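Subject: Structure for you to look at, with notes

Dear colleague,

I am passing on the structure we spoke about, and below it you will find my notes on what turned up when I went through it. Please read them with the model open beside you.

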Amino acid sequence: MSKEKSEYLINRNDNQYEVVIGLEVHAQVLSQSKLFSTSATKFGAEPNTQVSLVDAAFPGMLPVINEFCVKQAIKTGIGLKAKINKRSVFDRKNYFYADLPQGYQISQFKNPIVGEGKVILDMPDGQKEVGIERLHLEQDAGKSIHDLDPKNTFVDLNRSGVALMEIVSKPDLRSPEEVNAYIKKLRSIMRYLGTCDGNMQEGSLRADVNVSVRKKGTKDFGTRCEIKNVNSIKFMQMAIEYEANRQVDLIEDGQSIDQETRLFDTKKNETRSMRSKEDAHDYRYFPDPDLLPLEVSDEFINQLQSEIPELPDEKKKRFIDQFKLTPYEANIMVSDIETSNYFEDVVKKSDVKLATNWIIGELFAALNEKNLEITDSPISAGNLSKLINLIKDGTISGKIAKTVFEQMMEGDKDPKKIVEEKGLKQESDPQALEALIDKVIDSNRDKATEYKSGKVKLFGFFVGQVMKVSGGKANPQLVNEILKKKL
Amino acid sequence: MSDITKQTLSELVNNIKEKKLSSSEITQAFVDRSEKSKELNTYITEDFSNALEKAKKFDDNPKLDLKLPGIPMAVKDLFCTANVRTTAGSKILNNFVPTYESTVTQNIWNEGAILIGKLNCDEFAMGSSNETSFFGNVQNPIDKNLVPGGSSGGSSSAVAAQLTPITIGTDTGGSIRQPASFTGTVGLKPTYGSCSRYGIVAFASSLDQAGPMAQNVQDCALLQEVISSYDQKDSTSIDFKRNQYSKELTKDIKGKKIGIPKEYRVDGMPKEIDDLWQKGIEYAKDCGAEIIDISLPYTNYALPTYYIVAPAEASSNLARYDGVKYGFRADGENLIDMYEKTRSEGFGAEVQRRIMIGTYVLSSGYYDAYYLKAQKVRKLIKNDFDEAYKKVDAILTPSTPSSAFKIGEKTNDPVSMYLNDIFTVPVNLAGLPGISIPAGHDSKGYPLGLQIIGKAFDEQNILNIAYAMEEKINFKNKITDWWIK
């Protein structure tokens, strides 16, 4: 495991600093209903239409744990190769805010449902292991909307009570690139498991980023700052770079770093102090007396274990073994469950090598251009494998295949039909080709003579003419052979 | 029948079943008496006309196989009742009308009973005299200017004054048993987990329990049978086999072992209370029970433990009353200002005191010394009972260290007020059932109660002991109707 190259180092004067990063990722549990109520969790609903009496904290209302969310958290724990705690406790985190109806958030403080685990990152310079400290379940708060009215704040409680998994990493990350890889890997694992949709635009995945710096080679951690609630990988990376440099500047200037909570201003690309350690809330955590400790049996965990699908790391290994993919190719293919499913569907019926190249090359480029996910691909796995088979059996050339592919991108058409309708089938009949070539030589007698007298460069001209006359359909290999004979 | 309101619940039920009385007649009688009893200030919200309408509907289509057919009933204003204002005795919920019904009250209506009103109580059930209610003092029908106990003071007063045949209260540290004791009535705090907390305005979640309050043990048993149910909407509700408490009620308690805890003989306890206790022991012996001396060594720590745990939970439970979503809101310059004004104006002094105590004991740096230690002591208190119950079937103690006191007597001395809960609080901390039955009078003629504490889920046993002793004690409440002009 090489660590050195994926480091992010900052040089100032004669000093070299490394950045130390830990993430608290908030991942919304993929679930029809909330953590402690039966309200729906659909994104984008009209404000305050998915709010029960429990979510709005009416007097006498009590939380009842949603078993499905517990299962989702345990599955995620298994996916993170983590210790599942058979006994966990829900605590109240007390603070006042308008979008926190209970006046406390139900979370897990001392006894989380999932303990230590790990995530393996594939960095360009090798693999890197990132430790997971814990995963716990908690409620999301509602949303305060400040910009609808000059004087009032509006509150939308649709999100109030939605189940979140807070996944806390160890301070093992050393660069914005590693953070990128870590978030993507976490997202990938959870999407494989179906426990979080990982949709960062909709806020299903966001993170608090803890950043500190220290002189390269020292062991003690520097004072860290926590950048709250960053909701895209790009912003996380920008925030880390800004924050690390800010801290280095302070140290170089002989100042100390205050442990504080900061906000990342995406417009100005800077972090700003939100509250200092002294102003930190005293959350007065204590076990929620409305809920008994959560106890799960070995049987319960084993059942969930048996429902765990093949995860990216295992799938990658299999793709390398079974399909002889390179580690680079395998990484791309397993990066998300949909791509890997697509790939496996394609190679079920067609050549692996060609399929790999076409997916990573043409397909990804085309999808990228149209800003589409693989699940929205106009070309189904079945049709892509048909196209590959047409290339493989010589029905069309690679070049023609690109034309067909372009057509297919316009709508999911059967490539065989496109080839037939447009008459794109490759001409591989030697007799037909001979006739064609004779005609070309005939009408270019002078050039043929020049060729024979030693101007061999003209061979390309003849190939071009033949291809032109055939409408690009002539089998290039045969054309070469016959031309050589005839000239 | 002129004295409908003097009838016990069982008598009323029989009269309805035998069609000697209609629900309308009974409801009218209790409404009339309630109307004449406004001076007691038992009601926060009256629902008389709706009640009479419902009674008429019942009579039009009587369902006589129900357990509480057409019986009118007022309930403590801590139970949320659909479309009927629910205040918890607080200004902060002065205008709050729930759209939902608590499980306990729903169980009652399901058996045919009819709501006639919401009864006064200490604000958020925090008090031992009903003096912390935003809606004013409740008079004890025993004597003018006497507190009815608390926090279920409106409930105890209403039952004792026969404004409702039976009622329900809630008991977090003695709030059913102490007012029952002060008014010469019967009050049962069930095992924690027996009655659903769904829809009850929370005070201290790990201690709160709803329970029946009645004129006698039989009625109390019947109401317990109705209100106790397993409820998936309350995660602390327990699914155990519930008895048909009233049907299984028996006076045969021969051979039952009853423990007398020496630690309950507290310093400064009035002789009258000690004498009552001794008499209680004799009654129990008369019923055939065996008396055994026991020790509950951690009893002394119960009160301080309670006054850490209960305020801690309350400080968090009451955070939701912030002026944002429902209830009282004071205007403020900004969010924090609105919070501060709303909560300063909306909560009374005792509630604010407990929120502050609770906030303090949960604070970083104090949590271990107070809250965590209190939880450990709580476990030791429970262990005391577990040990005792290896030797005995139930425990007999006084319900309170004194009889009812005068309104205003202890308002400026919160600690002396808290001491009133000394015999009842350990039962809540241990999650056990306890019943208070009237057992005699002090020199002033005020009632005094005895408490029988049972094993968890053993309500039937303490009801049986109470039932047997009730007959021997043959208590008669001295109520003169002084408030009726």
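I begin with helix 9 of chain A, where A:Ala381, A:Asn383, A:Leu384, A:Ser385, A:Lys386, A:Leu387, A:Ile388, A:Leu390 and A:Ile391 are buried. Please keep in mind throughout that this is a predicted model. The helix runs over residues 381–392, and the distance from its first C-alpha to its last is 16 Å, close to the 16 Å expected for twelve residues at 1.5 Å a residue. With nine of its twelve residues buried, helix 9 of chain A is mostly covered, and those buried residues pack against helix 7, helix 8, helix 10 (398–409) and helix 11 (415–421) of chain A. After helix 9 of chain A comes A:Gly394, which has a positive phi, near 80°.

On the side of helix 7 of chain A the contact is made by A:Phe343, A:Val346 and A:Val347, and on the side of helix 8 of chain A by A:Val352, A:Ala355 and A:Ile359. Sorted by class, the residues of this contact are six nonpolar, no polar and no charged.

The contact of helix 5 of chain A with helix 6 of chain A holds seven nonpolar, one polar and two charged residues. Within helix 6 of chain A, the residues A:Glu329, A:Ala330, A:Ile332, A:Met333 and A:Val334 are buried, and what covers the buried residues of helix 6 of chain A includes helix 5, helix 7 and helix 8 of chain A.

Turning to how the chains meet, 24 residues of chain A are in contact with 32 residues of chain B. The side of chain A that touches chain B is made up of 16 nonpolar, four polar and four charged residues.

In chain B, helix 9 (residues 302–317) has 16 residues that should span 22 Å at 1.5 Å a residue, and its end C-alpha atoms are 22 Å apart, which agrees. Helix 9 of chain B is mostly covered, with 15 of its 16 residues buried.

Also in chain B, B:Pro438 is found in strand 10 (residues 434–441), and it counts as buried because it has 26 C-beta neighbours inside 10 Å. Apart from its neighbours within four places in sequence, B:Pro438 is in contact with B:Gly184, B:Thr185, B:Pro447, B:Gly449, B:Phe475 and B:Asn477. The C-alpha atoms of B:Pro438 and B:Ala466 are separated by 9.7 Å, and these two residues are 28 residues apart along the chain.

The peptide bond from B:Gly150 to B:Ser151 is cis, with omega near 5°, and B:Ser151 lies in the loop between strand 3 (114–119) and helix 5 (153–160) of chain B. A:Asn48, although not a glycine, has a positive phi of about 60°; A:Asn48 sits in the loop between strand 2 (15–28) and helix 1 (67–79) of chain A, and with 15 C-beta neighbours inside 10 Å it counts as partly exposed. B:Asn83 is not a glycine either, and has a positive phi of about 65°; B:Asn83 is placed in the loop between strand 2 (72–76) and helix 4 (103–110) of chain B, and with 12 C-beta neighbours inside 10 Å it counts as exposed.

With best wishes

Technical notes
Residues numbered from 1 in each chain as written. Chains lettered and ligands numbered in written order. Predicted model: local features only at pLDDT ≥ 70, side-chain atom pairs only at ≥ 80, totals over all residues. Contact = placed C-beta atoms within 7 Å. Helix = DSSP H or I, 4+ residues; strand = E, 2+ residues; numbered from the N terminus. Nonpolar A, V, L, I, M, F, W, Y, C, P; charged D, E, K, R; others polar. Expected span 1.5 Å × (residues − 1). Buried ≥ 20, exposed ≤ 12 C-beta atoms within 10 Å, placed from the backbone.
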